[in-house]
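Colleague: Please take me through the salt bridges in this model. I would like a close look at the pairs and where they sit.

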Amino acid sequence: MALTGSIPREFGNLTFLLSLDLESNNFHGNLPQEMTRLSRLKFLDLSFNNFTGEIPSWFGFLYRLLVLNIRNNRFTGSIPSSFSNISTLEILNLNFNSIEGQIPKVIGSLINLRELKLSGNKLIGSVPLSLSNASRLETLDISYNSLQGNIPKGIGNLHNMNWLSLQYNQLTGSIPFTIFNISRIEFIAFTGNSLSGSLPSGLCNGLPILKGLYLSGNKLYGHMPTSLSNCSQLQVLTLSKNEFDGPIHSEIGRLSNLQQLYLGYNHFTDKNLIDLEKLDLHSNRFSGPLPMEIFNISGLREIALTNNKLSRSLPSNMCSTLPNIEELYLGLTNLVGTIPHSISNCSKLTILELSGNKLTGLIPNSLGYLTHLQNLTVLSLSFNPLNGMLPASEGNLSTSFLKFHAKSCKIKGRIPNEIGNLSSLLFLDMSENNLVGSIPTTIGRLRNLQRFNLTNNKITGFIGDHICKLQHLGEIYFGQNQLSGSLPNYLGNITSLREIHLDSNKVSSNISPNLGNLQDLVVLDLSSNNMVGSLPPEIGNLKVVTKMNLSMNQSMNQFSNGIPGEIGGLQNLVCLSLRHNKLQGSIPDSVSNLVGLEFLDLSHNNISTIIPMSLEKLQNLKYFNVSINKLYGEIPSGGPFMILSSLVFIYNEALCGSSRFSVPSCPTSSKPKLNRKKLLVLYLFLGLAILFVPIIFAFLWRRYRRGKRAPQQADSLSTITRERISYYELLQATDDLSKSNLIGSGSFDSVYKGILRCGTAIAVKVFNLQLDVAFKSFDTECEVLRSLRHRNLVKAITSCSNLDFKALVLDYRPNGSLEKYLYSHN
């Protein structure tokens, strides 16, 4: 059903209700407390809904309940101790909610409880000892929590136990041996903990009906118990990812019902073969010849021997004796010889993994016989010295063929046109071979292709427009070939692209603005080509790109003009390399917005500007190189520049700064230099002063005669207005621009309170010269304050200006700011 909404309060009126089953609907919200009136209720199933809120404590008032199932909801909080009131409860299922806290000890008082399922929550603490009192318990599942401590020994006294699962917690200590004496148990699952110790030698002597033993992912050690053969009903045995050693005893071969055996990632030193469907022995220490007996197990569907030290060649009749084989993993096993012709008899084969061996021989004698494998989806031959050509028959592989890996196989010749027949292909990797010729146009038929890797071959010709038909393509690896021509105009239409690797080819074109359409692009590598033109502003649309390499080892790429300011919008960029080009202009101040940048190389260009001080904000920058340019001005010394070498600044025009950069010190001046224009303005001002001083004096005398004396201003402030205040006096007055004296700050400046030696309070407005706009702001304010006078404007006393410091000295107003009075709560 698909009922929605919340449970109405009126449900509580159904007082004669015995059973309520609302499983698998879309109910949501909290359960109404009126449901406590359902005192006759025996069966309550609310599973697979979207109920929220804490588990109601009033469940404890439903004292006749036999079954309570609220699994797969979104209940929170802890397990209520009131559950102990439901003495009749037989089944309690709270799986897959968001329940926290510990398992209450009172749960053990539910003497009629048969099933307790608490898996998939956020429970902490230990497994309560009181659970051993629930003597009728048949199923205990508290997997996928964060329980700690030991497994209580009393669990072994629950003789009715059929299913015991404590998987994926943080349990430690050894497994109580009493658990292996519960004769009715069928499944024991302790996977994914930190249990240690060895297994008892008589492990299966008391487990006659055990069907599943899951012990993977612990720290168990010792030998495999010889008594395993007594678990005659065993179907699944997982011991992988432990520290077992010694031999795999031959007695295990008597487990006629065994279907899955997982022994990988241990230290077994010997092997014996068994009759089963799945054999997983990968990543052990097996050595010696590949056992031929494996290929006589006709029921095998999966063989995994990857990453061992086996040897020998594959038997010529291997698939005649393995008619049911579906997955064959023999990578990294030191196999030699050729791929046998009988591989074509494995008609059910879906995965063939042979990478990392020493297989040789002509490909037509091996790969060509795979054309009968119509179920094959994955073929991996990488890192084998096959030393042959790709057969045209490769195109006859299954139309469901998904992945072909043939990296570093010494394959030579051309890519056959028939490869376009593999219409379902997702991954195609033929990198690091000796392939020649051009990319066949039939590649355009691989409409599902997601990853295409031809790196490090000898491919020539153009990157044709047929590539642009691959609308699901996510990664292109064409680097280290001999491709020429221009980038396809429609490359920017493959919006699924995440990575483009075209480095070390002979591509000669500009970057099309259309490339900016790839808004999910993460890596763009066009380095070491013959690229020309400007970097388009649309490059700023690549918002998620992390690596952009447009450089050249010598002098082939010839990008010119400036670095577009839009590059500052690439917030995720980690690596940017533009070295060995012909870039001009300035380093955009917007580069300082690339807060995640770790690598920035602009060396070997014609950039002629200062290094922006704002780059000091790039706290993650680990490599920075601007050598061999035409830079001048001061080298920033803060942030990442504190650890840079002098070599990254060499061969520029006029850089200056700290001596550790091996450059001259930057010139400083405490007094501003007056140019001719400023002198002219000064003389004009003096002339006007001589003209207006007598008039002002007469005006003041007249006011005086009228008896309207102005307040006395003959204080220290009038004195300082006739004097200059030096940079060092301002530092002394503000305690070196201490934060404790900071009054406020704006977009381009900060204002500090200061006390001069004469005791006069002043306000010092210091401009942030790391921002280019601050210079203009300072000049503008000087011009305005020089021209205006008003009783409500703060009086400007003087200014202090040199190459490194610009400030205005103002009259200090102790009563706060206008903002304080406009926006104060009082």
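Modeller: A salt bridge here is a side-chain nitrogen of Lys or Arg within 4 Å of a carboxyl oxygen of Asp or Glu. This is a predicted model: local features need pLDDT of at least 70, side-chain atom pairs count only at pLDDT 80 or more, and totals for chains use all residues. Numbering runs from 1 along the chain as its sequence is written, and side-chain values use heavy atoms, without hydrogens or water.

The structure holds 13 salt bridges. One of them pairs arginine 114 with glutamate 90, with the closest N and O atoms 3.2 Å apart. Arginine 114 lies in the loop between strands E7 (91–93) and E8 (115–117), and glutamate 90 in the loop between E6 (67–69) and E7, so the pair ties together parts 24 residues apart in sequence. Strands (E) are DSSP runs of at least two residues, numbered from the N terminus. Arginine 114 is partly exposed, at 26% relative accessible area. Partly exposed lies between buried, under 20%, and exposed, over 50% (1.4 Å probe, protein chains only). Glutamate 90 is also partly exposed, at 26%.

Lysine 211 bridges to glutamate 186, the closest N and O atoms being 3.7 Å apart. This pair links distant parts of the chain, 25 residues apart: lysine 211 is in the loop between E14 (196–197) and E15 (212–214), glutamate 186 in the loop between E12 (170–171) and E13 (187–189).

Aspartate 749 pairs with lysine 765 at 3.8 Å between closest N and O atoms. Aspartate 749 sits in strand E50 (residues 749–755) and lysine 765 in strand E51 (residues 761–767). Both residues are buried. Finally, salt bridges with shared partners join Glu90, Arg114 and Glu138 into one network.

Notes:
Helices (H or I, at least four residues) and strands (E, at least two) are DSSP runs, numbered from the N terminus.
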